[in-house]
Amino acid sequence: MTKDMRELETEIEATRERLAGTIDQLVYRAHPKTIAQRQKLAIKSTFVDLESGAPRTDNILKVAGGVAGVVVLFVALRKLSR
């Protein structure tokens with residue numbers, strides 16, 4: 001074999017390894033458990049600072065206010081419908 005052929009084979013093998021690694025990474029990222037963990041972390045980070053563990057009261061109060069508003073709306077609609 002010539003030097004050019006060996007270099008070409010080495011380059012093809014390196015490309016094959018990179019592609020295999022990329023495919024493994026894509027399979028991992030597309031796995032349902034990985035997606036669920038990523039979403040769980042995203043939701044948790046909305047209400048808790050992940051670095052310090054301190055609650056994010058501004059976001060908690062916004063959600064609590066929204067829930068309270070919906071409850072008041074349902075109660076008012078129920079009383080009006082009677």
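Leu 41 belongs to helix H2, and its C-alpha is 18 Å from that of Asp 58, a residue 17 positions away in sequence. The model is predicted; the protein chain has a mean pLDDT of 93, and 99% of its residues reach 70 or more.

**Confidence**

- Within the protein chain, the lowest confidence is in H1, with a mean of 93.
- The highest confidence is in helix H3 (residues 57-81), at 95.

**Packing of H1 and H2**

- Helix H1 covers residues 3-30 and helix H2 covers residues 32-47.
- The two helices pack at an angle of about 60 degrees, and their axes are 5 Å apart.
- H1 and H2 are therefore oblique to each other.
- On the H1 side, the contact is made by Tyr 28, Arg 29 and Ala 30.
- On the H2 side, Pro 32, Thr 34, Ile 35 and Arg 38 take part.
- Sorted by class, this contact of H1 with H2 has 4 nonpolar, 1 polar and 2 charged residues.

**Thr 34, at the H1 contact**

- Thr 34 is a residue of helix H2, and it is one of those that meet H1.
- Thr 34 counts as buried because its relative accessibility is 11%, and the cut-off is under 20%.
- With neighbours within four places in sequence left aside, Thr 34 is in contact with Tyr 28 and Arg 29.

**Ser 45, also in H2**

- Ser 45 sits in helix H2, and at 22% relative accessibility it counts as partly exposed.
- The side chain of Ser 45 reaches the backbone oxygen of Ala 42 at 2.8 Å.
- Setting aside neighbours within four places in sequence, Ser 45 is in contact with Leu 50 and Arg 56.
- Ser 45 and Pro 55 are 10 residues apart in sequence, and their C-alpha atoms are 9.3 Å apart in space.

**Asn 59, in H3**

- Asn 59 is located in helix H3.
- At 18% relative accessibility, Asn 59 counts as buried, because the cut-off is under 20%.
- Apart from neighbours within four places in sequence, Asn 59 is in contact with Thr 46 and Phe 47.

- Ala 36 is found in helix H2, and its relative accessibility of 45% makes it partly exposed.
- From Ala 36 to Asp 4 the separation is 32 residues in sequence and 48 Å in space, C-alpha to C-alpha.
- Glu 11 is part of helix H1.
- Glu 11 counts as exposed because its relative accessibility is 52%, and exposed means over 50%.
- Glu 11 and Ala 30 are 19 residues apart in sequence and 29 Å apart in space, C-alpha to C-alpha.
- Ala 30 is also one of the H1 residues that meet H2.

Note on methods: Residues numbered from 1 in each chain as written. Predicted model: local features only at pLDDT ≥ 70, side-chain atom pairs only at ≥ 80, totals over all residues. Heavy atoms only, no water. Axes fitted to C-alpha atoms, helices over the stretch in contact; angles between N-to-C directions. Helix = DSSP H or I, 4+ residues; strand = E, 2+ residues; numbered from the N terminus. Parallel < 35°, antiparallel > 145°, perpendicular 65-115°, else oblique. Contact = heavy atoms within 4.5 Å. Nonpolar A, V, L, I, M, F, W, Y, C, P; charged D, E, K, R; others polar. Buried < 20%, exposed > 50% of the residue type's maximum accessible area, 1.4 Å probe, protein only. Polar contact = N/O pair within 3.5 Å; in protein donor to acceptor, adjacent residues only side chain to side chain. pLDDT = per-residue confidence, 0-100.
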